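Welcome, and take your time with this one. Have the sequence and the model side by side, and we will go through the fold step by step.

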Amino acid sequence: MATTQFDVPEGLPFVDYTREFDAPADLVHRAYIDPELIPQWLGPKGFTMDLEKWDARDGGSWRYVQTDPDGGTWGFHGVFHGPQTADQMIQTFEFEGVPGHVSISELRIEDLGNGRSRANTHVVFMSLADRDGMVQSGMEYGVVQGFERLDELVASLAPVA
């Protein structure tokens, strides 16, 4: 099973995480931009997602609400910046439970050859306190769970050789 490398550097307002996939870069990229696929993997296991908007283009916005197994809801929204390619996807992220605390993330998907790829994400927060609050809220847990779901999704979408 692939592992997620999660780096929270002391005293700096950012988080980096990396995950390798047994899927080509174009398939992983598709999972990140296709509104039909996003609800199938983004977020922790057991959560459902109502994807209200997903316009993955420069200036396009997105919004979704996740529902946990106990019925609690969590809203998130943001804006895409620049072309959304495997080489670089940039978007803002705001948790609606704590409005006004926006982060910006950059995703780069590397083609490793032999049908494998690596997703590298760099998330910058407005302050160290914002970063620490997000990390303490379970960010790593949600990312890891989502990537495990993404592993399953890309395996189901990959052509059989």
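Two strands count as paired if DSSP finds at least two bridges between them. Helices (H or I, at least four residues) and strands (E, at least two) are DSSP runs, numbered from the N terminus. You are looking at a predicted model, in which local features need pLDDT of at least 70 and side-chain atom pairs count only at pLDDT 80 or more, while totals for chains, interfaces and linings use all residues. Residues are numbered from 1 along each chain as its sequence is written, and side-chain values use heavy atoms, with hydrogens and water left out.

Let us begin with a pair of strands. Look for M89: its bridge partner in strand 7 is L107.

Now step back to the sheet. In general, strands of a sheet pair through backbone hydrogen bonds, either parallel or antiparallel. Here 8 strands make an open sheet with antiparallel pairing, in the order 1-2-8-7-6-5-4-3. At its edges are strand 1 (4–7) and strand 3 (48–54), each of which pairs on one side only. On average, neighbouring strands of this sheet are turned by 20° against each other, direction ignored; such angles run from 0 to 180 degrees between N-to-C directions, and axes are lines fitted to C-alpha atoms, for helices over the stretch in contact.

Several neighbours are joined as hairpins. Strand 1 and strand 2 are linked by 4 bridges and run antiparallel, with T18 as the partner of Q5. Between these two strands lie 6 residues, and G11 in the turn has a positive phi of about 80°. Strand 3 and strand 4 also form a hairpin with 6 residues between them, where G59 in the turn has a positive phi of about 85°.

What do the helices do? Helix 1 (residues 25–33) lies across several strands, among them strand 2 (14–21) and strand 7, and runs at about 155° to strand 7. Helix 4 (residues 139–157) packs on the sheet, touching strand 1, strand 2 and strand 8. The axes of helix 1 and helix 4 come within 10 Å and cross at roughly 120°. Where they are in contact (heavy atoms within 4.5 Å), residues including L27 and Y32 of helix 1 meet residues including F147 and L157 of helix 4. The contact residues divide into 9 nonpolar, no polar and 1 charged; Ala, Val, Leu, Ile, Met, Phe, Trp, Tyr, Cys and Pro count as nonpolar, Asp, Glu, Lys and Arg as charged, and the others, Gly among them, as polar.

Finally, find the largest pocket. On a 1 Å grid over the protein atoms alone, with a 1.4 Å probe, a pocket is an open set of points with protein on both sides within 12 Å along at least five of seven lines, and lining residues have an atom within 4 Å of a point. This pocket is lined by 41 residues, with Y64, F76, F93, M134 and M139 nearest its centre. Helix 4 gives the largest share of the lining, 6 residues. By type, the lining divides into 27 nonpolar, 12 polar and 2 charged residues.
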